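These are my notebook entries on a structure that I had not examined before. I set down what I looked up, entry by entry.

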Amino acid sequence: MRKAVAGSPVGPFEIPVPAGARYARPVDLGLSPCVRNSTSAATHSAEGGGVLLSGDTRRGDHPASFENAACVPLRVAIRRWMRGHHGREATTEGPIGRARGAAIVTAEGGAALAGSRREDHSLVAVLSGAWNLERPAPHFASWMETALAAAPAEAGSVEGVAIDVSALETWDSSLLIFLQQGQEYCEAHHLAFETGDVPSRITSLLALARVVPEHPVAPDASRPSRIARLGLAGLASWDASQAAITFTGEVAQRGVQLLRGRVRMRWREFWVVVQSNSSGALPIVTLIALLVGVIIAFLGVVVLKRFGAGYYVSYLVGYGMLREMGALMTGIIMAGRTGAGFAAELGSMKITEEIDALSTLGISPVEHLVLPRVLGLFATMPLLVVYADLVGIVGGMGVAVALLDLTPTQFMHGMLYAVELSDTLLGVFKGTIYGAIIGMAGCLKGLQTGSDAGAVGRSATSAVVIGITLIILANAMIDWLAALLLI
Amino acid sequence: MTTAATAVEVPNAAPPLEVRGLTMRYGATVVMRDLNFAVNRGEVFVVMGGSGSGKSTLLKHLIGLLPPAEGTILVDGEDFGAADAEARKAVLRRIGVLYQGGALWSGLTLAENVALPLTEFTTLDAGAISDVVQLKLALVGLRGFEAFYPAAISGGMRKRAALARAIALDPEVLFFDEPSSGLDPVSASRLDDLILAVQASFGTTIVVVSHDLASIYRIADRALFLDIEQKTMSALGDPAELRDHPPNDAVHRFLTRSSEGVT
């Protein structure tokens, strides 16, 4: 044993470890950083079967003793260590912490060991020491190998394995694992496995672990071939498009029924959606539309100035915002904000069986949940687009006035000369379509949510991805039609 | 040794869990007040009471999820509430909790669920962890389900898998929140068997929150009754004893499933 370092401000602890004990790694007491450094350094210096642990447990100026709260981590750590090693705190020398002191911890338990002896035709596994999950324990197959190699050849063939636990000190799951391995090994090698001397509280657990599961377990299907995967993906996308078309049809049908007064609309929910998508969305729409207007104007200033046509920047801002960017940017914002929100909300309702509860009452989830949401978005999108157009134009005008020799009046005059009402209406029309797309993509994905927590996240993600993809697709198609119709 | 040796407090002398003067509150609402009890080592201790009596809230206090409004909770004689992060972690290492719905992590397979506490708290290598995981899943009758995700198995199996996770570290104290809720009678009784087997074999101290009478009579060594009207504990003892000699009406009504008082 090492001597406590007299006069030093650290409290050393000595933990003698029985000879022959092997540790896979230095003992880590898991102390707080302030004591860990000195402790872990000392644990390496295990000599002659002893380990010296030392650590400064002082905290502030409080006189710390072993019972002081400041020492709790140390005390807990030592207890935990001892639990693992079946040690016993014997003595402390003086108060620990502020002054000097030492605690001596005697380890009673040896390492988990499995020896062997021969009895007639069977090998006996002599288990001793403390079997603890956190310490390396023998593996049955390697024990068997060693035991067979050590057995004298003239003793004859081995017909069984017996377990001797008379020298066993303490045990936990690590012993069960060893015995379970033994049982399986002996079964595989047609050997008898004797657990006659093992206490019943151990064997009853072994028996419990061997209970056959109630359902035969089919192993997870192996990965299908490449062609099969292609086919499965094709079938899945066919199903998805069919579901999307059915859903769109159902929403449209309910919409028509609503106009005919055959559907009871939940107006309260409708107005909640209208509120959250109008005034609630204004700040973000303002920010994005203003910046988009500014960006278009910068583009115009830089490019048009080269041709001496800086004045026409007002045309670019006007056309750009009204026909394309106002609606597109608002659509993208709403897909990220509201589409994802719808998917997550309905997805959570699916998981908590709220949607099933509606269906069993004969209430269509489309009528009750989807219609107010889609219509709410459908109604607010045109308003938001008009607002985004205005803000964008103001942003563009700011840049034009600042960078070109233009007054606001000149800018507005130039823009109104070129832009027609049909440009604004085209943008508003696009926005309305986008609103329907976002609302339906969000609600559909929400209703299609799976049953685990991750499914809600996946639904929200795919609602946004599908929403934005469809918006851009719709934008291209509407522009194409507009070009054909010369709008 | 140079100076006189003083004995150090012997570990495990204090009860594994002791509650002194505990008051639980949600905001200004007092859920329960003046709770005083100690759980003995190796016993099955049941906290019973009607719905809304604060059983689950008490459990959350015992496992440190909620701080006591007043009073202290001592784990192995140490104040759990006042412990710092290190000491807390050391305590959490020694307890296991089975939540009401299982609370398996849905993104992990059963094997990964059971392995997580082992990788978090021990230095075992992958092979050893896999051995432990297989043993624990086999103990709860889920051998062969290692690669399944929680969504793919039934509610009863999920609960047993959660038990495998709770006993992964061979805890000294095991907490159960309504173990039989949502289970059919056979599965519930199977879970009771498991609780008793774990207690008998590992000597684990078990704290169960329950209002399932069949299960309470079967497994409890002692039971604590939380009285929703008085907002405090009104009985503590062997449940059969409490049924035969009820200290008050509420206990009698609860333990006999009757709506009338003692005649």
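**Entry 1: a sheet in chain B.** I began with an open sheet of four strands in chain B, whose order is 3-2-5-6 and whose pairing is antiparallel. I then asked which strands stand at the edges. They are strand 3 (29-39) and strand 6 (78-79) of chain B; each has a single partner strand, so one side of each is left without a neighbour in the sheet. I note here that the model is a predicted one.

I followed the pairing of strand 5 (residues 70-75) of chain B with strand 6 of chain B, and found two bridges in the antiparallel sense. For B:V75, I recorded B:E78 in strand 6 of chain B as the bridge partner.

Next I looked for a helix against these strands. Helix 1 (residues 55-62) of chain B lies across strand 2 (17-26), strand 3 and strand 5 of chain B. Its direction is at about 120° to strand 2 of chain B.

**Entry 2: chain B as a whole.** I counted nine helices and 11 strands in chain B. Of its 263 residues, 46% count as buried.

**Entry 3: a sheet in chain A.** I turned to chain A, where four strands form an open sheet in the order 5-6-7-8 with mixed pairing. Strand 5 and strand 8 (192-194) of chain A each have a single partner strand and stand at the edges, so one side of each lacks a neighbour in the sheet. On average, neighbouring strands of this sheet are turned by 20° against each other, direction ignored.

I examined two of the pairings.
- Strand 5 (residues 113-119) and strand 6 (residues 122-130) of chain A run antiparallel and are joined by seven bridges. I noted A:L127 in strand 6 of chain A as the bridge partner of A:A114. The two strands form a hairpin with two residues between them, and A:D120 in the turn has a positive phi of about 50°.
- Strand 6 and strand 7 (residues 160-170) of chain A run parallel and are joined by eight bridges. Here A:A125 has A:I163 in strand 7 of chain A as its bridge partner.

Helix 4 of chain A packs on the sheet and touches strand 7 and strand 8 of chain A. I recorded an angle of about 155° between its direction and that of strand 8 of chain A.

**Entry 4: helix 4 of chain A and its helix neighbours.** Two packed helices are described by the angle between their axes and the distance between the axes. I looked up both for two pairs.

How does helix 4 of chain A cross helix 5 (residues 200-209) of chain A? The axes come within 10 Å and cross at roughly 60°; the two helices are therefore oblique to each other. The crossing is right-handed. Among the residues making the contact are A:L175 and A:L179 of helix 4 of chain A and A:I202 and A:L205 of helix 5 of chain A. The contact residues divide into seven nonpolar, two polar and no charged.

The second pair joins the chains. The axes of helix 4 (residues 173-188) of chain A and helix 4 (residues 126-139) of chain B come within 10 Å and cross at roughly 85°. These helices are therefore roughly perpendicular to each other. A:S173, A:L176, A:I177 and A:Q180 of the chain A helix meet B:D131, B:V132 and B:L135 of the chain B helix.

Technical notes: Residues numbered from 1 in each chain as written. Chains lettered and ligands numbered in written order. Predicted model: local features only at pLDDT ≥ 70, side-chain atom pairs only at ≥ 80, totals over all residues. Pairing = 2+ DSSP bridges. Contact = placed C-beta atoms within 7 Å. Axes fitted to C-alpha atoms, helices over the stretch in contact; angles between N-to-C directions. Parallel < 35°, antiparallel > 145°, perpendicular 65-115°, else oblique. Buried ≥ 20, exposed ≤ 12 C-beta atoms within 10 Å, placed from the backbone. Left-handed = near helix turned anticlockwise from the far one by under 90°. Nonpolar A, V, L, I, M, F, W, Y, C, P; charged D, E, K, R; others polar.
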